[in-house]
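Biologist: I would like to learn how to read a model like this one. Could you take me through some of its features?

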Amino acid sequence: MQTELIGIDVGGTFTDVVGMAADGSVVGAKASTTPGAHVDGIMNALSGLAETTGVELSELLADAGQIAVGTTVVTNAIAEMRGRRTGLLVTKGFRDTLRIARSPRVPTVDPFAQSAMPELVPRALIAEIDERIDAEGDVVVALDEDQVLSEVGRLVEEEGIEALAVCYLWSFLNPSHESRTKELLGREFPDLFLSVSSELYPVVREYERMVTTALNAFVSDVVGSYVEELDARLSSAGFSGRVYLGQSLGGSLEPEEAKRRPLHLFNSGPVGGVIGARRIADAMGLSNILTADMGGTSFDVSLVREGRPDVIHRTVMERFETGMSQVDITVVGSGGGSICWLDERGAPRIGPHSAGAVPGPACYGRGGVEPTVTDVAAVLGLIDPDYFLGGKMSLDLEAAREAIDSRLGSLGGSPEEIGAQMSRIIVSNMLQAVRQVSVQRGRDPRGLTMFAYGGASGLFAAQICRGIGISHLVVPNLAAVFSASGMLAADPIRTEARTVQWSPQSGELATVNTALCEMRGQAVANLADRGFGEDEIELEYVFAMRFAGQTFDVDVTVEPRPLVEEDREALVRLFHERYGELYGAGSVWEDFPVQLMTARVIARGTRTKPAPARIEAGGDLAAARRAGRSVYMPDLEDRVEVDCFEAVRLPIGVAVPGPCIVEDIDTTIFIPSYAEISRDTFGGFEMRIES
Amino acid sequence: MAATATAHDPITAEVVNMAMQAIVLEMGVTIERTSGQPAATDAKDYSCVLCKDDGGSIAYYGNNLQHLGDSLTGTESVIATCGDESIDPDDVFIYNDPFMTGSLHQCDIAVQAPVFHQGELVAWIFTNIHHADIGGMTPSGFCPESRDVYGEGLRMPPIKVVDAGVVNESVMALIEMNVRTPIVLGDIRSQIAAINVGRARLLEVIEEHGAEEWKRYIAVNEELLARLLGERIAAIPPGRYHSRDWVEYDAFGGETYVPIECSLEVTEDARLVFDYSGSGVQVPGYSNGSRGAVLGSVMPVVLAALLPDHDVNAGVYDRVEVEVGEPGTVTNPTPPAGVSGGHMDTGARAFRAAHAALMQATASSEDEWIRRRSYALGGVSVGVPVVSGRRLSGDWGYAFVLDQQSLGHGGLATGDGVAFGGIDYSIAGRQPDVETAEGAAPILYLWRREMPDSGGPGAHRGGNSLETALAPWKVDRAELAVSSAGGVVPTPGARGGYPGGTTWVEVLRDALPEPGDPLPGPGSLRTAPVPVAAKCASFELGLRDVIRQVLTAGSGWGDPLLRPVEALARDLASGSISAAAAADVYGLVFDPDGGIDAAATASRRRELRSARLSGAEPNEIEDPTPRAAPAYRDGALACDLCGVTLSLGDDDAGGELVVDRHRLDERLSRWGVPVQTPRSTSFELVESCCPGCGTLVSIEVAQAR
């Protein structure tokens with residue numbers, strides 16, 4: 001097979017790669033993530049992919065036209081607070097805005113759980129500037145230009161800043177002081193990296209704007225050096241195509257653009273999975289899906305409605321409440337490595353602590369003594385101890401039993417019985433996350449299809465579906481490296497956002513249209529520079545709206561064109577509909593005025609990509625059958641002999657009733673007695689679950 | 001009543017508990033997303049509670065923990081008033097009267113519904129939002145200058161707002177006629193929406209488990225929690241402890257300090273009994289605390305100190321009792337006493353008193369977990385200035401200045417209090433942006449920043465708070481109202497730490513410069529401030545006046561002389577304390593080029609300890625690691641720093657603490673800790689130290705004799 005596109009997802013434990021050929025067929029490989037030297041892990045995973053496809057690495061890379069990488073470098077830099085020495089200019093009187101934040105309080109009754117915000121910019125690196133603009137955009141105090149130059153001179157010479165963020169009050173409304181500051185500094189300090197709030201994120205609420213601007217400066221060199229290293233290593237290994245980086249909003253970004261707006265790379269790995277699921281769902285004719293990704297340390301859930309992933313606009317990065325938009329992923333701390341424990345009441349709990357890669361679950365036999373979710377699955381017989389990772393590793397069942405007995409023994413019963421009970425808690429935990437993204441956002445889960453991927457999802461997905469009334473489950477092909485395959489589907493994306501406070505009932509149309517036109521112009525020009533023609537650019541306009549007096553916005557997607565008179569009423573109607581859908585019948589404040597708060601323009605550069613490859617026939621049930629084994633069934637509370645099948649040999653479209661187990665090299669799917677499974681035409685599996 | 005939990009399946013118990021928690025969370029999400037006003041969405045002043053048929057809590061979600069009290073008192077009053085008449089499964093009740101139902105104050109409107117399963121009433125669902133208005137003489141529901149409850153707006157006993165599934169439009173109309181903004185009605189709908197969500201979900205769960213089984217596991221979870229709390233209380237020495245605080249009432253040009261007496265009995269059978277008997281006579285308006293406010297102020301103290309790691313349910317009430325004291329007092333007022341600010345005044349001071357008494361009780365515990373959980377309080381005293389301005393267009397704008405979401409937190413046994421951490425008993429308040437505030441109302445902020453030295457000095461400092469300055473902007477008339485707990489009596493520190501700063505509002509006349517000139521910064525305003533009463537309904541503002549607010553800071557934990565010099569170096573670098581305070585309070589000595597002289601600091605600290613002992617030579621402290629002085633050594637209470645035996649109570653045989661008294665406002669102001677000076681009395685700091693080494697053991701606030 002000749003690989004055309006390569007997707008890479010650098011996760012906390014594993015670096016996954018997926019290669020795709022012109023006909024849409026895919027191959028995956030995995031290598032351990034190499035902390036501190038991520039490119040090493042990437043190169044190892046690529047070698048693995050070359051081996052699997054039976055070619056030399058140089059050949060693989062020479063054929064590939066494009067490599068898309070979901071990276072955690074930005075996420076890690078923020079988590080570890082490793083970044084540039086960043087200075088900050090603010091309006092006089094407001095040097096403590098970052099420190100005050102939205103109050104550092106975390107919502108718990110425990111005073112001992114509170115801590116100050118991490119210090120992004122030390123006090124000595126913040127300069128207050130005499131200038132002021134008011135809420136109507138009027139200049140109250142003119143910009144003191146001499147002060148700007150002398151303060152920045154001091155920060156550069158005495159404090160040694162390497163990057164500078166500028167965020168004045170009301171600059172999104174009247175950017176003149178920030179623009180002038182940029183102009184002055186560009187002349188005097190041409191080498192200083194500048195991050196200017198009215199350009200980067202011209203949206204009301206100075207804390208979010210300031211923290212977004214400062215973080216952007218803080219991580220600016222991390223991305224730069226990462227991209228350079230990746231480029232160099234790939235070229236010397238024979239790659240001459242284009243590198244793209246995954247974006248938090250689900251698209252991709254060219255390295256040059258990523259260096260300017262590095263925050264757009266935040267959390268792009270998990271987002272890849274959602275985009276990949278949407279692509280397969282599209283091919284299957286499904287538009288409302290719920291994605292469930294269970295990896296080593298967490299369970300990530302998100303919702304795709306009518307083909308669009310839910311998006312949040314105030315992404316929290318570590319503890320910083322930024323203004324960045326991101327595909328909305330809800331995370332609960334229960335993955336395969338999460339530890340099962342008893343609290344002081346004797347009540348069972350799962351996570352958030354994880355056994356990590358070292359020592360790992362007790363059954364890995366690397367010295368782990370705490371029972372984990374994986375140990376529970378092993379003891380129940382869900383995982384074949386001799387076929388873990390395709391037989392590369394064998395599991396120590398005795399160690400798992402001992403861990404369960406020693407830490408959870410007071411629950412009473414054999415390790416299997418305790419394991420069966422713990423699996424109820426595991427499923428309950430995951431159900432809460434699923435409820436959060438469906439029911440709590442006004443979406444009845446019963447009409448959704450769940451896409452379950454990540455190493456451990458197949459073990460619990462059917463039980464979760466039954467718990468919440470979902471009857472259709474898909475475990476896609478290459479489930480264990482699925483987020484990497486999502487990178488393949490990511491189009492280059494540009495987003496522009498701006499506060500536009502406007503009333504659909506009485507505001508001037510020109511106010512909105514001017515803003516839309518400018519944002520559209522910027523986004524399209526940027527993509528055109530990358531070689532996308534007009535017909536290859538797809539636009540989306542999103543209005544964040546609210547009832548006057550509210551503090552939360554609801555997104556309404558509108559036609560990507562200027563507004564006309566007739567749109568006023570339609571816009572209010574659309575907003576009412578969306579609001580009612582989210583918060584339930586009767587929640588709409590019928591007679592209240594509606595306000596637009598923020599307008600967003602999203603531009604996608606679309607290029608035709610191969611559709612997912614179909615497998616029309618082949619496989620044979622008898623040939624797929626492997627030795628059956630005894631599994632302790634949580635629903636039957638008993639050990640039952642169940643059939644086991646080898647995933648890749650199952651025939652297409654033939655339903656196999658549960659209870660049974662379907663195994664692949666790195667994925668195990670458990671089919672309970674109330675479900676049946678069949679292999680689908682895209683190489684994945686579909687389950688039908690009785691409610 | 002409670003089933004015995006001898007035989008139960010711990011997994012089912014936890015599955016049921018998780019389901020109950022998920023329901024209240026889902027209700028909270030519903031309220032937050034559909035409510036239209038910042039008190040609910042930013043200050044997060046709402047609560048959702050699932051209650052048993054008798055009102056006891058099954059699960060709680062919300063942010064103002066004071067509502068743990070009124071969900072219980074409210075349900076009891078609904079049962080008492082409506083129990084005889086037939087309750088329909090589709091009824092929804094509404095009420096807010098603090099006297100009858102225990103609501104914290106009138107604008108906290110409760111909306112509550114029964115849950116029937118197969119014809120049997122099995123549970124209640126309770127919601128509460130701090131509404132934008134409830135009528136009365138001042139917008140916002142706080143009526144600082146009302147002389148009685150009749151000036152404070154609409155009072156509702158439990159009545160049906162939804163009668164057998166049909167909204168009672170007459171009730172809605174009645175409310176609409178009595179409030180200043182229709183948002184109140186929107187928020188009531190938001191509460192009804194949350195109730196519908198909660199009821200449907202609860203019935204699903206009851207269906208799944210069966211009603212009897214469900215009830216049994218509710219009882220099991222209560223018992224598990226009560227047992228755990230009992231074990232923790234058992235680690236506190238039984239005995240009686242007492243603390244005193246004061247409600248500050250200064251409306252109508254007067255100034256009274258009404259004592260709140262809190263006695264805590266730790267019983268031999270591991271219960272905590274808080275008793276407010278003996279507290280002062282109720283005041284003529286606003287500040288008196290309803291039963292719900294007092295009850296609800298004790299619970300957060302117990303939860304924060306002893307049960308921070310578990311979901312709360314009625315099991316707590318098996319271990320905690322609260323007596324509100326004699327009728328006619330601030331802790332148990334009778335009509336027509338005003339109560340609209342009762343939870344912020346009496347409630348918050350009852351909270352401080354309960355905390356102080358509990359910290360006394362835990363001081364002599366031998367249990368390491370209990371000892372490690374000692375802490376000082378921080379942001380308890382709240383103040384809300386309201387600036388009204390008539391815009392040039394003619395309409396009035398109102399700025400409810402909500403910066404108190406950034407009050408400092410108190411120092412802890414394990415470290416410093418967090419600056420800007422927020423109100424202690426309100427766990428998820430969010431600080432609004434300057435642009436949000438200026439966009440909503442005609443004001444212009446001059447600054448909003450950290451106030452150095454405002455946190456209480458201590459081995460672990462109290463977190464600093466904010467100082468803000470703002471002016472009416474683009475208006476032709478403006479006035480100011482203030483609802484504040486008062487700025488005279490600070491929150492005491494713990495284990496020898498000092499109180500942190502208090503809160504007040506003052507006006508600087510004509511302080512705005514000529515148009516176009518740079519705006520002034522802190523310390524550069526030259527006019528003398530005019531104080532504004534803590535309870536003030538109307539204060540005329542000039543168009544160039546500047547309003548300055550100082551917000552409550554956290555109090556300190558442990559003797560400041562135990563604060564490591566490295567920590568002080570960090571404080572100085574980050575601008576959190578001044579060099580003067582570092583020298584004066586912490587005994588820090590600088591070398592000639594401004595660096596820290598560690599050796600000179602150590603001997604200066606020794607001198608300061610000697611001064612506390614009237615010049616006697618203090619015992620050596622070999623290990624100055626910050627910690628509480630009293631500790632058990634070989635079964636006897638001793639100073640952990642120098643080893644001499646100590647006596648904390650009356651019966652112990654150890655050495656008496658050396659006690660010194662200082663005028664409170666003078667001592668704290670000198671160190672930059674902001675407090676106001678009372679006109680009609682004076683307060684003291686009663687500082688007790690170890691007779692051996694002079695290390696501070698406790699600092700109490702007392703009224704001068």
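Biologist: Let me start with strands β4(B) and β5(B): how many bridges join them, and do they run parallel or antiparallel?

Modeller: The general idea is that two strands pair if DSSP finds at least two bridges between them. Strands themselves are DSSP runs of E with at least two residues, while helices are runs of H or I with at least four, all numbered from the N terminus. Here, β4 (residues 108-117) of chain B and β5 (residues 120-130) of chain B run antiparallel, joined by 10 bridges. One facing pair is P114(B) and W124(B). The two strands make a hairpin with two residues between them, and Q118(B) in the turn has a positive phi of about 50 degrees.

Biologist: Which other strand is joined to β4(B)?

Modeller: Strand β3 (residues 92-95) of chain B, antiparallel again, through three bridges. There, I94(B) has V111(B) as its bridge partner.

Biologist: Is β4(B) mostly covered or uncovered?

Modeller: Burial is a neighbour count: a residue is buried if 20 or more other C-beta atoms lie within 10 Å of its own, exposed if 12 or fewer, and partly exposed in between, with C-beta atoms placed from the backbone. By that count, eight of the 10 residues of β4(B) are buried.

Biologist: And how far can I trust all this?

Modeller: This is a predicted model, in which local features need pLDDT of at least 70, side-chain atom pairs count only at pLDDT 80 or more, and totals for chains, interfaces and linings use all residues. Residues are numbered from 1 along each chain as its sequence is written, and chains are lettered from A and ligands numbered from 1 in the order in which they are written. pLDDT is the predictor's confidence in each residue, from 0 to 100. Chain B averages 92, and 97% of the residues score at least 70. Residues 1-6 of chain B stay under 50. For the model, ipTM is 0.93 and pTM is 0.91.

Biologist: What order do the strands of the open sheet in chain B take?

Modeller: The order is β13-β12-β16-β19, with antiparallel pairing. β13 (396-400) and β19 (535-541) of chain B each have a single partner strand, so one side of each lacks a neighbour in the sheet. Inside the sheet, β12 (residues 383-391) and β16 (residues 475-484) of chain B share nine bridges, and V384(B) faces S483(B).

Biologist: What should a helix span, taking α1(B) as the case?

Modeller: The expected span is 1.5 Å times one less than the number of residues. Helix α1 (residues 10-34) of chain B has 25 residues and should span 36 Å; its end C-alpha atoms are 36 Å apart, which agrees. This helix is mostly covered, with 19 of its 25 residues buried.

Biologist: How many residues of chain A are in contact with chain B?

Modeller: A contact means that two C-beta atoms, placed from the backbone, lie within 7 Å. By that rule, 56 residues of chain A touch 69 residues of chain B. On chain A's side, α4 (97-100), α8 (206-218) and α14 (415-437) each supply at least two residues, and α14(A) gives the most, with six.

Biologist: Finally, which residues of strand β34(A) lie on its covered face?

Modeller: For β34 (residues 675-679) of chain A, these are A675(A), I677(A) and R679(A), while E676(A) and S678(A) make up the uncovered face. I677(A) stands opposite M687(A) in β35(A).
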